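Here's a quick briefing on a model, sorted by topic.

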Amino acid sequence: NGITAEAITTVENGKLVSVDLVSSGSQYLNPPIIDIPTPPGGTKASATSVMSPIYYTIEKATLPRAGISGVANGG
């Protein structure tokens, strides 16, 4: 139920020359599988996704009320 990552590839003379990340996506449980289509007469390209967790320090939080709690992070 996360946000899918999106990228744009640039192919010149049948070769992949760049991959520009448009959206990094979010809420992945496992690294996403990257599919780069092989252009006609071109060479198969491959890529590997690298993920880093994002951690937040909780500065304070309100007691839950009706299942909702206010949270302030410390950066």
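Val71 sits in strand β4, where strands (E, at least two residues) and helices (H or I, at least four) are DSSP runs numbered from the N terminus. Val71 is exposed, at a relative accessible area of 54%; exposed means over 50%, buried under 20%, and partly exposed in between, with a 1.4 Å probe and protein chains only. Keep in mind that this is a predicted model, where local features need pLDDT of at least 70, side-chain atom pairs count only at pLDDT 80 or more, and totals for chains, interfaces and linings use all residues. Residues are numbered from 1 along each chain as its sequence is written, and side-chain values use heavy atoms, with hydrogens and water left out.

**Largest pocket**
- The largest pocket has a volume of about 780 Å³.
- Its lining has 28 residues, and the closest to the pocket centre are Ala5, Leu21, Ser24, Pro32 and Ser49.
- A pocket is an open set of points on a 1 Å grid over the protein atoms alone where a 1.4 Å probe fits, with protein on both sides within 12 Å along at least five of seven lines; lining residues have an atom within 4 Å of a point.
- Both β1 (6–12) and β2 (15–23) supply at least two lining residues each.
- By type, the lining splits into 16 nonpolar, 10 polar and two charged residues, with Asp, Glu, Lys and Arg counted as charged, Ala, Val, Leu, Ile, Met, Phe, Trp, Tyr, Cys and Pro as nonpolar, and the others, Gly among them, as polar.

**Loops**
- Gln27, in the loop between β2 and β3 (58–61), has a positive phi of about 65° despite not being a glycine.
- Gln27 is also exposed, at 62% relative accessible area.
- Ala66, in the loop between β3 and β4 (71–73), isn't a glycine either, yet has a positive phi of about 55°.
- Ala66 is exposed too, at 79%.
- Asp35 lies in the loop between β2 and β3 and is exposed, at 64%.

How values were computed: Grid points are joined across faces, edges and corners, and a volume is the space filled by probe spheres set on the points.
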